[in-house]
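Biologist: Could you put the model up, so that we can go through it together?

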Amino acid sequence: MSSHRGDVPERVSEHRRIAVLGGVYSNAEALAAVLADTRRRDAEAVFCLGDLGGFGAHPDRVFPLLREHDVRVVRGNYDEAVAAGAADCNCGYTDPRDNHYARLSYAYTVAHTSATNRAWLATLPGHRRARLGPHRVFMCHGSPRRINEFLWESTTPDGLLRRLLADHAADVLLCTHTGLKWRRALDGGAAHAVNVGAVGRPENDGTPDVWYALLTGGPELEVEFVSVAYDHEAAARALEAEGLPREFAETLRTGWWTTCLENLPARERARGRF
Amino acid sequence: MPAIPPGVADAPRAPFVTLSALWLVLTGTLCNLRCTHCLNASGPDEPWLAPLDGAVARRALTEAEALGVREVYFTGGEPFLHREILPLLETSLAMAATTVLTNGTVMTDALAGALAALAGASRYSLEIRVSLDAAEAEANDRVRGRGTWERALRTLRTLDARGLLPIVTATEIADGAGAYDRFRALLRGLGIAKPRVKILPVFPVGRAAGAPGVRLTDADLEGFDRTTLQCAETRVVAADGVYACPILAGLPGARLSDGALAAALGPAALYHEACATCHRTGATCRNA
């Protein structure tokens, strides 16, 4: 047990290997494929860093999968908003085009998430801790200090990571929220930051596959990003059948982001098609 | 030091949460343009806020890195008029993502090439924000000066050709509703495949200051999370001290310390009319 920001002791689970995923975005087809993959790779526990809803066609189909696979979930900004019935997703967009699509997605997600599942979302913790061998792992959605802070690879300095890790008594920081995976070892491998990316939306790399992270403890922390192919055509057709924007289906089919682009820093934006 | 204006002592405060963004007012108010709405009344005359000494800027960067800063902004005036901008950018990009706010009228091919080289050598993003005020030349030039639209567009094309993906930063002063779509169309028309546009409100400060207007009170902020204000996570280093807000830099009521960042990490007074605009619009001076 350890404490975090206060005197309430929190549970720290101990593992040899964990699978960590983020950004499900109501993509039940992708989530099912990813969870099956984690089983094949001998992960002792599966963690999800939040944002279960948004974007995809079947919000309520995500929850049974998470329960069936005993996934330990951290609350994302989307989950927080859906649980509270907030006016918007608090995604942090400033751009009117991004906000247009975000509003459509959010309204659809709220309308298609049952009261039971919304109540469950309200119970999710804001962070989780684990131990992987000697490594103290801190898991959150955006950043340890703000649920909707974007930790992009090209805008997250080493100095900030060191400070966040020190402030939260951790050696390994795991996050999501951006939808793009990256990892960085600090101080000769004494500390690590890993953005696990998203399983609900492809990587903006021109392939429809999605990614999650596999972490194995030991004297050296092993981090492996795993790509998973899934029936993205079925997911895209489901979006179309629900009358959701065709740009969303296009993203699933092509692997290129068509929306939520304006928050991308120059480096990450340059890698995509749009 | 000029006297503290009335109302500062009694103004509501924004807490300091963390140093997320460091701004350097690199050229003070020295600028080659004299825009009608300029937030700090910059221009080509003797600047009322002096340019930042390179050594002071480097010291601020070092201090900010130790405080875990997330991103750095270079502003002015026109920051590309600072003789040390390239070495300072190199220093900044070695530690964090860095943005330069420019009027886009002093860019050359050689400078764009140097910027591209710096961006390519850094792990962190270099962002160039180019100011425009309308998607049409005439409306823009009424605000920013004759010929500025053409020159800024040339800069946008030059930067885009170098892969630097500039962000057009505009205010609502000339273009009003629908400005965002018009700017996107303008950029696409220039052949820019990844148009990036940021729209800001006009703040009642500098040349856009009018008659004394509404100021915030503690009652206005009841139930409002003050930690969401930009000034809760921002510090601004100018030649005469440290501030919490880039558009209030140089104003005596906004000064938090005379020099060191570490001495400026306390609450900030929300005393200015511009604070009410920021609160009302939820605007962010950061890129996103």
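Modeller: What follows covers a sheet, a loop residue and the chain contact. This is a predicted model, in which local features need pLDDT of at least 70 and side-chain atom pairs count only at pLDDT 80 or more, while totals for chains, interfaces and linings use all residues. Residues are numbered from 1 along each chain as its sequence is written, and chains are lettered from A.

Biologist: What is the strand order in the open sheet of chain A?
Modeller: The order of its six strands is β3-β7-β8-β9-β11-β10, with mixed pairing, where strands are DSSP E runs of at least two residues, helices are H or I runs of at least four, and two strands pair if DSSP finds at least two bridges between them. The edge strands, each pairing on one side only, are β3 (12–15) and β10 (181–186) of chain A.

Biologist: And how does β10(A) pair with β11 of chain A?
Modeller: They run antiparallel over six bridges, and Lys181(A) has Val196(A) as its bridge partner in β11(A).

Biologist: Switching to Ala229(A), why does it count as exposed?
Modeller: Ala229(A) counts as exposed because it has 12 C-beta neighbours inside 10 Å; the cut-off is 12 or fewer other C-beta atoms within 10 Å, with C-beta atoms placed from the backbone. Ala229(A) sits in the loop between β13 (222–228) and α7 (232–241) of chain A, and its C-alpha atom is 4.7 Å from that of Asp209(A), 20 residues apart along the chain.

Biologist: How many residues does each chain give to the contact?
Modeller: Chain B gives 22 residues and chain A gives 17, with contact meaning C-beta atoms, placed from the backbone, within 7 Å.

Conventions:
Two residues are in contact if their C-beta atoms, placed from the backbone, lie within 7 Å. A residue is buried if 20 or more other C-beta atoms lie within 10 Å of its own, exposed if 12 or fewer, and partly exposed in between; C-beta atoms are placed from the backbone.
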